[in-house]
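Thanks for coming. I have a few minutes on one structure, and I will go through it residue by residue. Please have a look at it first.

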Amino acid sequence: MEFNRNEKQQRFNNIRGILINVTIGEKFSNFTLLVGHEKTRKVNLVIKTDLLNKYKDLVVVNNKLNVNYYLTSKQDNDNWLTYANVLGISAISNI
């Protein structure tokens with residue numbers, strides 16, 4: 001029996017912030033949101049370039065975005081890397 005973690009996941013994470021950077025790659029792209037109120041921090045999210053093209057009107061620097069994502073991890077040599085994989089993007093009027 002094959003296990004598909006995406007079928008088992010019932011809840012996804014949600015983050016809101018201001019888009020400050022977009023890097024477009026061949027297969028995968030990423031973008032950075034500035035989140036928080038008093039203590040702001042930067043959050044980097046990974047997205048398939050095909051999916052990013054679907055939201056190209058929303059993904060503009062300084063836009064306020066609401067992003068749904070899920071986390072995955074993999075081991076690279078002796079380090080664990082955690083990725084925030086984007087499922088969907090929507091614009092918001094206020095944060």
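A polar atom of the Thr49 side chain lies 3.5 Å from the backbone nitrogen of Phe28. Keep in mind that this is a predicted model, so every distance here is computed from it. Thr49 belongs to helix H2, residues 49-54. Is Thr49 buried or exposed? Its relative accessibility is 8%, so Thr49 counts as buried, the cut-off being under 20%. Setting aside neighbours within four places in sequence, Thr49 is in contact with Ile24, Gly25, Glu26, Lys27, Phe28 and Ser29.

Next, a second polar residue, Asn85, which sits in strand E5. Asn85 also counts as buried, because its relative accessibility is 17%. Which side chain does the side chain of Asn85 make a polar contact with? The partner is Thr72, at 2.8 Å. Again leaving out neighbours within four places, Asn85 is in contact with Val46, Asn68, Tyr69, Tyr70, Leu71 and Thr72.

Now the nonpolar side. The largest nonpolar core has 16 residues, and those touching the most other members are Ile15, Phe31, Leu33, Leu45, Val67, Val86 and Ile89. Two or more residues come from each of strands E1 (13-23), E2 (28-35), E3 (41-48), E4 (64-76) and E5 (79-91).

Take Leu45 from that group. Beyond its neighbours within four places in sequence, Leu45 is in contact with Ile15, Ser29, Asn30, Phe31, Leu33, Val67, Tyr69, Ala84 and Val86. Tyr69 is also on the contact list of Asn85, and Ser29 is on that of Thr49.

That is what I have.

Definitions and conventions: Residues numbered from 1 in each chain as written. Predicted model: local features only at pLDDT ≥ 70, side-chain atom pairs only at ≥ 80, totals over all residues. Heavy atoms only, no water. Core = buried A, V, L, I, M, F, W, Y, C linked by side-chain atoms within 4.5 Å. Buried < 20%, exposed > 50% of the residue type's maximum accessible area, 1.4 Å probe, protein only. Helix = DSSP H or I, 4+ residues; strand = E, 2+ residues; numbered from the N terminus. Contact = heavy atoms within 4.5 Å. Polar contact = N/O pair within 3.5 Å; in protein donor to acceptor, adjacent residues only side chain to side chain.
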